[in-house]
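Here is a walk through a two-chain contact. Keep the viewer open and follow along.

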Amino acid sequence: MAAELGFSTGDATLIAAAISELARNIVSYARKGQITLKTVNGLKRQGFAVIASDDGPGIPDVQQALRDGFSTSGSLGLGLPGVRRLMDEFEITSQPGRGTTVTVKKWRQ
Amino acid sequence: MEVPILKQGAFLIATFQAALSDADLKHLRMGLVQQVVRFRSRAVIVDVTAMDVMDSFASRTLREIAQMIRLRGAETVIVGIQPEVAFAMVQLGLTLEDVATALDLEEGLAYLNEKFKTAN
């Protein structure tokens, strides 16, 4: 899909790695959730958006979860900060007890 | 998809044919360690040329494989990490720490042959 949009193979690899990390987060924290992929149009550019959402336990301290090395699941703790570095835009909303939604975007160069 | 493990003299070569699931990676981890024991191998080459996504689980498993094999007294060389994959790994903060890497299978074999030249 990223290749069809004219993304380079390098960018497509970065997007794939980000999707994989987001899916892994959902599985380890919320068990169940969904990932939506879609194209987005900016002013002069096209982009690719990945929306990962779940109805899991939520993240009590989002700022802490975005720091390198922070993990509550015994993983490497690179998930969210790593995904943020891979993509151009990163947005997270989380409510304890209600779930988490992470939206990331990559713009075509 | 299972990863074939080839015996090449004192070395074992495991070549990924495609992206692997978590279960495949765990299976490979066990399989490789067992084969190293069975064949008394000196070293293992893991060829990841066909891998187009390396996430935190995959890189951790590769690191674990290398550590287990080192405990058996053998060495691991990971070969064929694609440039895009290397880029994504660095951005994600993934490292293979002190596991040896080489450009491709040929370079990996050359590295091991040089290393074990005096021993053989």
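At what angle do helix α1 of chain A and helix α3 of chain B pack, and how many Å apart are their axes? The angle is about 45°, and the axes lie 9 Å apart. Angles under 35 degrees would count as roughly parallel and 65 to 115 as roughly perpendicular, so α1(A) is oblique to α3(B). The crossing of these helices is right-handed.

Now look at the residues that make this contact. From α1(A) come T9(A), G10(A), T13(A), L14(A), A17(A) and E21(A). From α3(B) come E84(B), V85(B), F87(B), A88(B), Q91(B) and L92(B). By class, the residues of this helix pair are six nonpolar, four polar and two charged.

Step back to the chains. Their contact draws 17 residues from chain A and 15 residues from chain B. On the side of chain B that touches chain A, α2 (56-71) and α3 each supply at least two residues. The most comes from α3(B), which gives six residues. That side of chain B has eight nonpolar, three polar and four charged residues.

How far does confidence reach? This is a predicted model. Chain A has a mean pLDDT of 86, with 91% of its residues at 70 or more. Among the elements of chain A, strand β4 (residues 99-107) has the highest mean pLDDT, 94. Helix α2 (residues 62-65) of chain A has the lowest, 84.

Key: Residues numbered from 1 in each chain as written. Chains lettered and ligands numbered in written order. Predicted model: local features only at pLDDT ≥ 70, side-chain atom pairs only at ≥ 80, totals over all residues. Axes fitted to C-alpha atoms, helices over the stretch in contact; angles between N-to-C directions. Helix = DSSP H or I, 4+ residues; strand = E, 2+ residues; numbered from the N terminus. Parallel < 35°, antiparallel > 145°, perpendicular 65-115°, else oblique. Left-handed = near helix turned anticlockwise from the far one by under 90°. Contact = placed C-beta atoms within 7 Å. Nonpolar A, V, L, I, M, F, W, Y, C, P; charged D, E, K, R; others polar. pLDDT = per-residue confidence, 0-100.
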